[in-house]
Amino acid sequence: MTFQPGSDLDADTVQERVDTAIEENDVVLFMKGNRLMPQCGYSQRALELVSQYVDDFETVDVLPALPEFREALESHSGWETTPQTYVEGEFVGGSDVLAELDERGELEATLAGE
């Protein structure tokens with residue numbers, strides 16, 4: 001899958017997708033690429049960290065409409081960068097935050113919503 005500039009997704013559609021993904025999934029990772037083919041090192045790292053503790057989680061590829069996804073995610077987290085991880089509707093952080101939580105031994109509990 002190659003990133004193609006330009007998108008068929010408008011800002012309202014992307015906002016709806018973001019809202020729905022956050023509301024309907026216990027754990028959701030917004031990333032560049034997908035589980036089989038992460039498209040940046042930060043997304044790869046976040047995917048690895050989440051995958052250590054959670055088998056069943058949603059991923060959303062932001063590349064098809066990157067500017068729109070950045071705007072929609074910022075409305076939830078205050079951050080426009082990706083990857084972004086949400087647990088039970090709450091923003092947890094990106095790959096650096098996930099790594100820090102893992103180093104402190106807190107990531108598994110965080111991903112379990114504890």
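Student: Why is Arg45 called partly exposed?

Tutor: Arg45 has a relative accessible area of 39%. Buried means under 20%, exposed means over 50%, and partly exposed is what lies in between, taken with a 1.4 Å probe on protein chains only. The value for Arg45 falls in between, so the residue is called partly exposed.

Student: What are these values based on?

Tutor: This is a predicted model, in which local features need pLDDT of at least 70 and side-chain atom pairs count only at pLDDT 80 or more, while totals for chains, interfaces and linings use all residues. Residues are numbered from 1 along each chain as its sequence is written, and side-chain values use heavy atoms, leaving out hydrogens and water.

Student: What makes Glu48 and Arg45 a salt bridge?

Tutor: A salt bridge is a side-chain nitrogen of Lys or Arg within 4 Å of a carboxyl oxygen of Asp or Glu. The closest N and O atoms of Glu48 and Arg45 are 4.0 Å apart, so the pair meets the rule.

Student: How many salt bridges does this rule give?

Tutor: The count comes to three.

Student: Is Arg104 buried, exposed or partly exposed?

Tutor: Arg104 has a relative accessible area of 47%, so it counts as partly exposed. Glu106, at 34%, is partly exposed too.
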